[in-house]
There are 4 protein chains.
Amino acid sequence: MGKKVLLTGFEPFGGDKLNPALEAIKQLDGRNIEGIRIVTQQVPTVFYESIRTVTEAIDRHQPDVVICVGQAGGRAQITPERVAINIDDARIPDNKQQQPVDVPIEADGPAAYWSTLPIKMIVSRLREAGIPSAVSNSAGTFVCNHLFYGVLHYLEKNKKKVRAGFIHIPYIPEQTTENGDPSMALDTIVKALEIVAVVSATTEKDIAETGGALH
Amino acid sequence: MGKKVLLTGFEPFGGDKLNPALEAIKQLDGRNIEGIRIVTQQVPTVFYESIRTVTEAIDRHQPDVVICVGQAGGRAQITPERVAINIDDARIPDNKQQQPVDVPIEADGPAAYWSTLPIKMIVSRLREAGIPSAVSNSAGTFVCNHLFYGVLHYLEKNKKKVRAGFIHIPYIPEQTTENGDPSMALDTIVKALEIVAVVSATTEKDIAETGGALH
Amino acid sequence: MGKKVLLTGFEPFGGDKLNPALEAIKQLDGRNIEGIRIVTQQVPTVFYESIRTVTEAIDRHQPDVVICVGQAGGRAQITPERVAINIDDARIPDNKQQQPVDVPIEADGPAAYWSTLPIKMIVSRLREAGIPSAVSNSAGTFVCNHLFYGVLHYLEKNKKKVRAGFIHIPYIPEQTTENGDPSMALDTIVKALEIVAVVSATTEKDIAETGGALH
Amino acid sequence: MGKKVLLTGFEPFGGDKLNPALEAIKQLDGRNIEGIRIVTQQVPTVFYESIRTVTEAIDRHQPDVVICVGQAGGRAQITPERVAINIDDARIPDNKQQQPVDVPIEADGPAAYWSTLPIKMIVSRLREAGIPSAVSNSAGTFVCNHLFYGVLHYLEKNKKKVRAGFIHIPYIPEQTTENGDPSMALDTIVKALEIVAVVSATTEKDIAETGGALH
């Protein structure tokens with residue numbers, strides 16, 4: 001039987017009118033791609049509420065893979081995140097005006113969790129498809145990293161055999177008409193997420209291909 | 001009767017396998033957009049040969065507007081150029097291994113020519129269409145600026161009532177899969193050039209809208 | 001007899017508390033460097049008033065060389081400007097709340113003037129001294145370019161045999177403690193301007209060394 | 001009695017002729033700053049050998065604080081690193097031609113260690129002193145992160161009450177004369193490291209001041 005992939009996307013934040021992560025996953029909801037079934041979940045850009053929303057969706061959908069998607073304004077590539085760290089340090093308030101500074105996400109959690117998505121294979125396949133991509137070694141310290149860490153902690157604590165990780169995506173052109181930041185067409189982002197979903201559901205073991213950073 | 005717009009695009013250079021300018025204009029050749037007829041011309045990335053190729057195309061097609069298009073690797077926006085300067089200073093050789101340094105393009109020419117395209121209106125309309133755009137104040141000192149200057153000098157010397165200018169475009173994603181540079185989808189570039197062609201053929205007088213740079 | 005070099009520096013603008021150009025020239029006022037005498041002039045960051053201030057200083061000091069210095073926030077190098085263009089297009093108001101858009105600086109002036117400083121030799125000597133430097137092909141369209149153009153126009157119209165040009169300098173560290181922009185130590189900027197002054201006063205003919213830009 | 005701070009600096013790597021980290025610590029060796037005694041250690045840019053070199057220096061010097069310093073080419077600020085992760089993923093070979101890809105540094109180690117330096121206080125004091133600084137959330141996956149992780153693991157395993165962390169510094173101007181990368185004067189870096197040493201030796205508890213990243 002086919003695998004099920006849960007894609008999640010954040011609501012707009014920080015004054016933005018849209019979030020390309022949410023726009024992209026809407027187009028994939030209910031789709032069946034190469035035998036993989038896609039379900040989606042909209043996520044509030046709010047500390048903890050975001051984690052609860054996604055872990056409830058995991059319980060409801062029982063997916064094989066969870067892929068959280070968020071906007072990384074200023075990046076030009078699709079960037080699978082390597083590692084989630086146990087800290088909240090918010091440069092701006094979340095959508096409920098919370099702004100934690102240097103507080104652990106889970107008091108009893110480890111300092112970090114690794115993504116369990118095949119991040120190197122994802123980068124490799126995206127590039128083959130002509131889509132700019134690279135591994136990222138930091139998901140920041142705002143709600144994106146928070147959700148990423150929270151989901152991995154939940155799966156670990158509950159011993160669920162579910163793959164999970166986080167994918168940062170660029171702005172779409174409509175968001176950068178005046179400011180010179182890089183962007184990526186929504187169509188390209190949607191195509192990228194299809195590839196990410198299929199690769200994540202079908203790759204047993206990640207490849208070992210250089211993808212590191214000097215600093 | 002409808003106006004005619006000549007779009008020109010450079011051949012790949014500097015080791016690149018394709019030039020998005022050429023890919024984009026190919027898709028527009030022979031098109032009729034809002035009553036505007038598009039003709040196109042492929043241009044060798046070679047000093048002087050590029051100017052001859054385009055001025056011959058002008059004589060052959062007798063267009064109302066000439067829009068030269070070139071790749072500006074590293075830029076994230078569609079950038080209409082404001083000014084062409086009378087200098088060649090090549091950081092890399094052209095496609096015939098010529099590398100002039102600090103030589104005037106036309107010994108008897110003025111230091112600079114202004115684009116006669118409505119560059120502020122172009123930026124305004126592109127942004128309205130959701131496409132990142134900004135005026136650029138330098139087309140560099142390689143073959144792009146060379147052609148831009150050469151075409152304006154030819155039109156001036158021969159007193160031709162033809163509008164002309166230069167539009168720099170970003171890389172397309174296929175060119176930046178690994179390197180982190182910004183890119184723009186080819187579809188978006190093609191749509192942008194349609195808008196540039198129509199606006200250039202139909203705008204009598206440019207708008208005065210801030211578009212300058214501090215430096 | 002030794003040559004005289006007039007260095008000019010702008011007052012702070014755009015909300016900045018200091019202007020590194022002004023800080024740097026203050027340290028050089030009255031100095032005698034390798035037989036070259038340095039005089040300086042503080043310049044209001046105001047359209048036209050800036051030109052009047054500097055042309056009056058030229059009449060008063062009768063220098064052999066005029067080097068206008070301005071801040072280029074965001075650049076990491078000392079950048080001698082190649083060309084001044086005949087346009088004001090202000091993104092922000094000047095210090096007297098004037099904000100011209102797409103207006104020629106001199107109605108009867110040519111589109112552009114070339115710097116008459118030996119810009120390639122300047123870059124070469126600065127690099128030899130371990131100071132980051134590159135030619136810039138655009139001084140923008142604000143008061144820096146305005147003064148640069150205005151001074152060259154005045155010298156041309158009055159047939160004065162005075163060399164003149166514009167040097168953009170980076171922020172100093174005090175201005176960028178929080179924002180991630182590049183900066184350069186004030187000491188390094190002062191040392192750079194000493195070299196620029198001496199090279200400009202003593203180099204008969206500029207060298208032809210690649211320093212161009214692709215775009 | 002005064003505290004002792006061990007500063008370590010890497011040898012040049014990746015084709016560079018010098019490493020500003022090494023140049024800076026040489027100037028601080030043996031210094032006594034506000035009652036703090038500085039000792040230093042040169043470190044080979046080699047996986048594991050770097051960790052051995054520094055842990056041996058710790059055993060020899062018995063410092064109160066260990067501050068490892070490395071070059072982060074392209075950054076414009078002094079960046080205290082927040083977290084070390086248990087992975088080697090080398091984009092280029094180290095100085096002994098080793099290039100591990102996706103291998104844990106310590107097979108039995110946790111995914112990450114937090115810096116035990118007061119990173120927020122360091123940033124705050126550097127900014128007060130007019131020196132650009134910000135927290136970094138990734139030390140990369142090359143020898144810098146490797147040493148950072150290895151030292152913290154050693155201290156943890158051996159229950160040593162020693163503070164430790166990693167500070168990335170920019171290029172110095174001599175390294176960027178031609179390429180447009182940001183740099184910082186060596187004097188400024190030395191002054192910054194003095195402040196880092198004193199703050200690290202004297203701050204009991206770090207401040208909670210926003211210093212996070214959105215991504």
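Q: In what order do the six strands of the open sheet in chain A lie?
A: The order is 2-3-1-4-10-5, with mixed pairing. Strands are DSSP runs of E, at least two residues long, and helices are runs of H or I, at least four long, all numbered from the N terminus. Two strands pair if DSSP finds at least two bridges between them. This is a predicted model: local features need pLDDT of at least 70, side-chain atom pairs need 80 or more, and totals for chains, interfaces and linings use all residues. Residues count from 1 along each chain as written, chains are lettered from A and ligands numbered from 1 in written order, and side-chain values use heavy atoms, without hydrogens and water.

Q: Why are strand 2 and strand 5 of chain A said to stand at the edges?
A: Strand 2 (32-33) and strand 5 (79-80) of chain A each have a single partner strand, so one side of each has no neighbour in the sheet.

Q: What makes strand 5 and strand 10 of chain A a pair?
A: Two bridges join strand 5 to strand 10 (residues 163-169) of chain A, in the antiparallel sense. The definition asks for at least two, so they pair. Thr79(A) stands opposite His168(A) there.

Q: In what sense do strand 1 and strand 4 of chain D pair?
A: Strand 1 (residues 4-10) and strand 4 (residues 65-71) of chain D pair in the parallel sense, over five bridges. Leu6(D) faces Val66(D) of strand 4.

Q: Why are chain A and chain B said to meet through the same surface?
A: 100% of the interface residues of chain A are also interface residues in chain B, so the surface is the same. The contact joins 18 residues of chain A to 18 residues of chain B. Contact means heavy atoms within 4.5 Å.

Q: How many Å² are buried between chain A and chain B?
A: About 1300 Å², with 56% from carbon and sulfur atoms. Arg127(A), Pro132(A) and Thr177(A) supply 33% of what chain A buries there, more than any other three residues. Buried area is the accessible area (1.4 Å probe) lost when two parts are put together, summed over both.

Q: What makes Arg127(B) and Glu178(A) a salt bridge?
A: The rule is a side-chain nitrogen of Lys or Arg within 4 Å of a carboxyl oxygen of Asp or Glu. Arg127(B) and Glu178(A) come to 3.9 Å, N to O, so the pair qualifies. Chain A and chain B share two salt bridges.

Q: Where does the salt bridge between Lys120(D) and Asp89(A) cross?
A: The N and O atoms of this pair are 2.7 Å apart. Lys120(D) is in helix 3 (residues 119-128) of chain D, and Asp89(A) is in strand 7 (residues 88-89) of chain A, so the bridge crosses between chains. Another salt bridge joins Arg82(D) to Asp102(A), at 3.1 Å. Chain A and chain D have eight salt bridges between them.

Q: Which residues of chain A lose the most area to chain D?
A: The contact takes 37 residues from each of chain A and chain D. The buried area is about 2900 Å², 62% of it from carbon and sulfur atoms. Trp114(A), Leu214(A) and His215(A) lose the most, together 25% of what that side buries.

Q: What is the count of salt bridges over all chains?
A: The whole structure holds 40.
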